[in-house]
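These are my notebook entries on a structure that I looked up. I record what I asked and what I found.

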2 protein chains.
Amino acid sequence: MDGMVQKVLEGNVRAVARLISMVENRRPEARQLVSRLYKHSGRAYVIGITGPPGVGKSSLIMEIALSFRREGSSVGILAVDPTSPFSGGALLGDRTRMQNLSTDKGVFIRSMGSRGSLGGLTMAVPDAIHILDAMGKEIILLETVGSGQAEVDVMNFAHTVLLVTMPRTGDQIQALKAGIIEIADIFCVNKCDLDGADLVALELETMLQMKEDVKATDWVPPVVKTSVKTSEGIRELYEALLRHKAYMASSGLLEEKQRKRREKAFFDYLEFRINSLVRERLREDSRYGGLLKAIMEGQLDPGTAVDRVASEVSLGPRA
Amino acid sequence: MDGMVQKVLEGNVRAVARLISMVENRRPEARQLVSRLYKHSGRAYVIGITGPPGVGKSSLIMEIALSFRREGSSVGILAVDPTSPFSGGALLGDRTRMQNLSTDKGVFIRSMGSRGSLGGLTMAVPDAIHILDAMGKEIILLETVGSGQAEVDVMNFAHTVLLVTMPRTGDQIQALKAGIIEIADIFCVNKCDLDGADLVALELETMLQMKEDVKATDWVPPVVKTSVKTSEGIRELYEALLRHKAYMASSGLLEEKQRKRREKAFFDYLEFRINSLVRERLREDSRYGGLLKAIMEGQLDPGTAVDRVASEVSLGPRA
């Protein structure tokens, strides 16, 4: 086990890939390994990139990764698809161009799926971030597709949230669900070589200006137009990312976000553990057998049954 | 409180609407009211309708509702949008035509949003189903938009799952995520007056034929082409729904699904209650103050902290 921790800390790609798989599969040893890596992590900066399917997130992420690489930062890419049961080998969208990056030793790319359990994903994602962090990645690009609450859940682990859209389809802004607009730090209108980019950018800016209670010191999300095809705006987008990163550090918000992220990781995992524990007890303890039977046969309503069981749960050192 | 229970049982629409709002807002009284309605529910048949945005689910649901109304069944419609923080007045897609139905006393229509919490929704939806059931609705049409795990979670409360798609956009089948295809009982290619409907239907049938381990007694999901515009296939779709309903009853699967649904409702609500309880204890009990602080400051990794707290949780009658 020491060997694996050591290998991850040295940036061994195979060890990292194996440990992330263990985390995804909830292998019991994974928990301890991640714990031991914990004190070596906490330095990476996480940039979340999200938006509806088809807006060109993957190509844009490649450009962002290249920009950071050019200035010497090491980069990890974590592509999370909450709607896919697949992971590891599975690819989000057209990843072929991104594959070119993987020959660059400074970049590590990994896809993660939900394996049918969102709860599992919200535990595996922070663990995977810690692992990439501990392996020495300074910048972690966390990609996810827009799909409701799961998207927001994943983006909560990012320090900067980049929301990508594109022109042409009239309902793109409508497609950006309210929950994600509120947590976006930078907006990007990608594929700006297509007609209508200015209009979408204007709509986004108008929407942002309608925000109330904005203080002078608050971060004002910029709207950047980019095109991977013509390279327009890529430099500007990179600079906006650096600006927000600097703002997060100087304003104290980075530290605050770190604290919240750690707290969330704790409660998410605690809930998972306690729920498994209670389920196990209910199924094993014969005193609860009658209760479960009455519920399943429709004789006892779930609400009343919950009142009864919840009153018997206690937390505290054993007497 | 007796008054409200009585009114709901009598089918009073205002009382029903108020109780569903109470359930959504997690008002403490709601729990008891739903419990008292419990023994009056369990008769309604729940048909789930899902699919990507824009395939015409709402218009199709109106047609299905009309078909059931024509044969004298009372109908409740519950439109759930897991990605929307809105509910009540909020409408999923173009609901204007559906509004016409609401003048029919035999139909009750209600929209529900997630209010930012999927967990909340998975409790509010079964409660709302019980309320519509107790008010006397024989058929409940449960609509949701395709959006990953939340869609599957909502559809788990249905006895029959109808998956709606449409021709033309080449990636429609791809857009139907794996998790939902597996639980669909009937497939519908809507807007079949458009070009390409036969092709999509053929693709779906081919996909269904590739299923392995199908027993002779298993339900084979039919693929029905419909058009609300030309009325083509509406009758056929209605008959497929009736056939699946009859199959569910005769095969014993309905009873099995009911049992599972009750069990799920119990565990979902139990988890919610226990998690709230533990969070409260952790914040209030001074013994845990240091633990939370160490987690938030990054001195203690969440995994180790969870091990410690989980070992102090117990379930059982107090000594």
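Is A:Leu254 buried, partly exposed or exposed? I found A:Leu254 to be partly exposed, because 17 other C-beta atoms lie within 10 Å; a residue is buried if 20 or more other C-beta atoms lie within 10 Å of its own, exposed if 12 or fewer, and partly exposed in between, with C-beta atoms placed from the backbone.

I note that this is a predicted model, in which local features need pLDDT of at least 70 and side-chain atom pairs count only at pLDDT 80 or more, while totals for chains, interfaces and linings use all residues. Residues are numbered from 1 along each chain as its sequence is written, and chains are lettered from A and ligands numbered from 1 in the order in which they are written.

**Entry: surroundings of A:Leu254**

I located A:Leu254 in helix α12 (residues 253-284) of chain A. Helices (H or I, at least four residues) and strands (E, at least two) are DSSP runs, numbered from the N terminus. Leaving aside neighbours within four places in sequence, I found A:Leu254 in contact with A:His159, A:Met248 and A:Ala249; contact requires C-beta atoms, placed from the backbone, within 7 Å. I also looked up A:Tyr45, which is 209 residues from A:Leu254 along the chain, and their C-alpha atoms are separated by 9.3 Å.

**Entry: chain A as a whole**

I recorded 14 helices and eight strands in chain A. Of its 319 residues, 46% count as buried. Among contacts in chain A between residues at least 6 apart in sequence, 77% join residues at least 24 apart.

**Entry: the sheet of chain A**

In which order do the seven strands of the open sheet run? I read β3-β2-β4-β1-β5-β6-β7 in chain A, with parallel pairing. β3 (107-113) and β7 (223-225) of chain A stand at the edges with a single partner strand each, so one side of each has no neighbour in the sheet. The twist averages 20 degrees from one strand to the next. Within the sheet, I followed β2 (residues 75-81) and β4 (residues 139-144) of chain A, which pair in the parallel sense over six bridges; pairing requires that DSSP finds at least two bridges between two strands. A:Val75 stands opposite A:Ile139 in β4(A).

**Entry: strand β5 of chain B**

I found six of the six residues of strand β5 (residues 160-165) of chain B buried, so the strand is largely enclosed by the rest of the structure. B:Thr160, B:Leu162 and B:Val164 point one way from β5(B), and B:Val161, B:Leu163 and B:Thr165 the other way. β5(B) pairs in the parallel sense over four bridges with strand β1 (residues 45-50) of chain B, where B:Ile47 stands opposite B:Thr160. I noted a parallel pairing over four bridges between β5(B) and strand β6 (residues 186-189) of chain B as well, with B:Leu162 opposite B:Ile186.

**Entry: a helix contact in chain B**

I looked up helix α4 (residues 57-70) and helix α11 (residues 234-251) of chain B, whose axes come within 10 Å and cross at roughly 70 degrees. Axes are lines fitted to C-alpha atoms, for helices over the stretch in contact, and angles run from 0 to 180 degrees between N-to-C directions. α4(B) is therefore roughly perpendicular to α11(B), a term for angles of 65 to 115 degrees. B:Glu63, B:Ile64 and B:Ser67 in α4(B) meet B:Ile234, B:Tyr238 and B:Leu241 in α11(B).

Definitions and conventions: Parallel < 35°, antiparallel > 145°, perpendicular 65-115°, else oblique. Contact = placed C-beta atoms within 7 Å.
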